[in-house]
Amino acid sequence: MTLDLLKDGQSGTIGGLRHQQASSVRLMEMGLFEGSRVTVLRRAPMGDPMEIQVGDYRLSLRRDEAALVDMAS
Amino acid sequence: MSSARFRVALAGNPNVGKTTLFNALTGLNQRTGNYPGVTVSTHSGVWELPGGPVELMDLPGAYSLTALSPDEALVNKILVGKTDQAPAALLVIVDASNPERNLYFLSQLMDLGLPTVVALNMGDVAESKGLKVDAGRLSKALGLRVVPIRAHKHDGLQALGQAMEQTALEAKPAHGPGLAVQGPGAANPVAIRGRYEWARNKLVDAITRSDVGVRFSDRVDKVLTHRVWGVLALVLVMGMIFQSIYAWSQPLMDLMQSLVSWIGAILLRPMAPGILKELLSNGVIAGVGSVLVFVPQIAILFLFIAILEDCGYMARSAFLMDRLFAKLGLSGRSFIPLLSSFACAVPGILATRTISDRKERLTTMLVAPLMSCSARLPVYTVLIAAFLPGRRLFGLIDQRALVLFALYALGLAVAVPIAYLLRKRMRAGVACLFLMELPSYKWPDLHTVLRRVTEQCREFVVNAGTMILSVAVVVWALGAFPRPQALLDDFQARKQTLAEQAVPDSAKAAGQAELDRQEQGALLRQSWLGRTGRIINPVFEPLGWDWRVTMSALASIPAREVVLGSLGAIFNSNGGGENGGGLRQALIHARRDDGTPVFSIAVALSLMVFFALCAQCASTLQVIRRESGHWGWAAFTFTYMTVLAWGAGAIVFHVAAAFGLG
């Protein structure tokens, strides 16, 4: 299960990140790493990108970026 | 800044009020974007500390010292690389409403070991989230001076100055978690988690959380990013922006234009008619006018952009539109610059500063001039009115409206594959991330907004203006020289004869004006511009153009709207305003050297298509050069658009001719 598959309004804990050079580093720096709680708030009109709550702020990321984030089952 | 005792760098995440703080501390009429993009720059100002002035350097907003964007690369270079720009102390602005991620960056900055002061901003936003960060406790945990401020209200600035003074005097280096700040050691999961761990520990005693339920900002966000309501709101906002630059700016532009000609007239009145007067009136003053006429549009667009950005809506509009642009390798950030370009490419290209990705910004900049700007509209309307029959298709749609719509759609349709190709060629190895923070909504700060507007206008006039002016003067000279004495004498004699005739004064004046026009036309026809038109006309023959049309197109390289004036001059139109019937009649009755009409529907169509796609705008090209940081991109834009325009014009001419419209 990856972050992009979470439904709107659903929360979860991150299990880990799939390694992909610069992308995964920046995702982690933005607070998306193992153990972080995230909530999917909504998706844009055409289903992409998605808006998530991570820590104390809101982040927009594309689905293929969210697909790099594994959720803890 | 030579009197400054030492240099302080102001660093922090994007969207935390850094620019507002910089402006408040320095009072300098300067602005740095969060995303200066291609030509990344820093701004410096003087900060008066209790012990005397220091130089404050505003760094671009960054999330980390591991550089992903050009902005962050610059921050890295200044802070980590040992350049002569290295600061003696750091002022780090921290967003109290999002402390953890802000402390992540702070931890890296502290590991640089410079004397550091923290400005704790946005306490009000934090409170609305149920967050409270105690500056005293945080200060103790970090071992740094932490000063709570409200940048937009200018609160706490004095305390901040004192803190910086003392810290700099003590020269005590900051101590972070002691992890690597660059290289593979910094960009690895263990280090990143280590820094977040550190941030949490530092915050444990300083932070209190309470439940505040659903915030106002969140409720607003729910509507503004909604599938239906959000899109509707976006259409409304964009409609208003478009309307304002397209229509509402018109009176201001007219005012600007008449102001310039009024001042010009006053300056020129005492001058004797002659070549110097013509240079001033048709070269310099017309050139100044063509620069200043853009100012109202730039001001209005940037008023909107600054408000939308400052209140947090800009990121939402990018969020809503991203999917459409993702297919082209762009992102939602390109939406506003491209939409604005339908009014005018100049402010549109300036608006690409809001795009953080360098290549994406460049691509957007290079396709922006393809959007049909308002300067093309008069060209379309005159030609359509003159040569297209107002028949209705299916008894409903006016053919002329359809052609007008098609011309607008053409630019857009061509931009899609061009953007795609450019983006494909430019994409280097590094994956493009579309991570975008969606900041809390807040009321825009009037100071920040107005500062941005004036800064933008000033920059355009000073930097682009000089170049545009010189192009205008050069093209004027090409159209004004050589001036054969025989021709001038001939017209002088005819004017003399007219003056001596026994006719009413009103008829005399009309006759004089007519002679002036004919003289202008005759001079233009044998000028260098006219000769060049004839020489290179074979190049434009596939488009069905007569040499006079070619010459008018050449003369309109500085600004496409000039074509109406030059068409008028060369076909000796009796004026009547640019949209007036005089020019229309002149075009309809214009004959080639062999007596056939210059214009047919096919020629009119090819000319309009050429204008729709060609980069005949010195201002746009100059702004592209400025914003991309290289002449090459302006040259590239001009070349690709001219080639496209020529090809499309030729195709349209031949297809239309094949349908018997030639």
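In what order do the six strands of the open sheet in chain B stand, and what is the sense of their pairing? In this predicted model, the strands of that sheet follow the order S2-S3-S1-S4-S5-S7, and the pairing is mixed. The edges are taken by strand S2 (43-49) and strand S7 (145-148) of chain B, and because each of these has a single partner strand, one side of each is left without a neighbour in the sheet. From one strand to the next, the twist averages 30°.

Within this sheet, strand S1 (residues 7-12) of chain B pairs with strand S4 (residues 89-95) of chain B in the parallel sense, over five bridges. Two helices may then be placed against the strands. Helix H5 (residues 135-142) of chain B packs on the sheet, where it touches strand S5 (116-121) and S7 of chain B, and the direction of H5 makes about 160° with that of S7(B). Helix H6 (residues 157-170) of chain B lies across S1, S2, S4, S5 and S7 of chain B, and runs at about 170° to S7(B).

On the scale of the whole chain, chain B is divided into domain 1, which covers 7-209, and domain 2, which covers 464-658. The centres of these two domains, taken over C-alpha atoms, are separated by 57 Å.

A helix pair of chain B comes next. Helix H17 (residues 399-426) and helix H25 (residues 601-613) of chain B pack with their axes 9 Å apart and at an angle of about 45°, and the two are therefore oblique to each other. The crossing in which H17(B) passes H25(B) is right-handed. On the side of H17(B), the contact is made by B:Leu407, B:Leu410, B:Gly411 and B:Val414, which meet B:Met608, B:Val609, B:Ala612 and B:Leu613 in H25(B). Sorted by class, the residues of this contact are seven nonpolar and one polar, with no charged residues.

Where chain B touches chain A, the contact takes 33 residues from chain B and 27 residues from chain A. On the chain B side, the elements that give two or more residues are helix H3 (99-110), helix H7 (189-203), helix H9 (229-268), helix H12 (313-326) and S11. The largest share of that side comes from H12(B), with five residues. By class, the chain B side divides into 19 nonpolar, six polar and eight charged residues.

Six strands form an open sheet with antiparallel pairing, in the order S5(A)-S1(A)-S2(A)-S3(A)-S4(A)-S11(B). Strand S5 (69-71) of chain A and strand S11 (436-437) of chain B stand at the edges of this sheet, each with a single partner strand, so that one side of each is left without a neighbour.

Definitions and conventions:
Residues numbered from 1 in each chain as written. Chains lettered and ligands numbered in written order. Predicted model: local features only at pLDDT ≥ 70, side-chain atom pairs only at ≥ 80, totals over all residues. Domains from an automatic or database assignment. Axes fitted to C-alpha atoms, helices over the stretch in contact; angles between N-to-C directions. Helix = DSSP H or I, 4+ residues; strand = E, 2+ residues; numbered from the N terminus. Parallel < 35°, antiparallel > 145°, perpendicular 65-115°, else oblique. Left-handed = near helix turned anticlockwise from the far one by under 90°. Contact = placed C-beta atoms within 7 Å. Nonpolar A, V, L, I, M, F, W, Y, C, P; charged D, E, K, R; others polar. Pairing = 2+ DSSP bridges.
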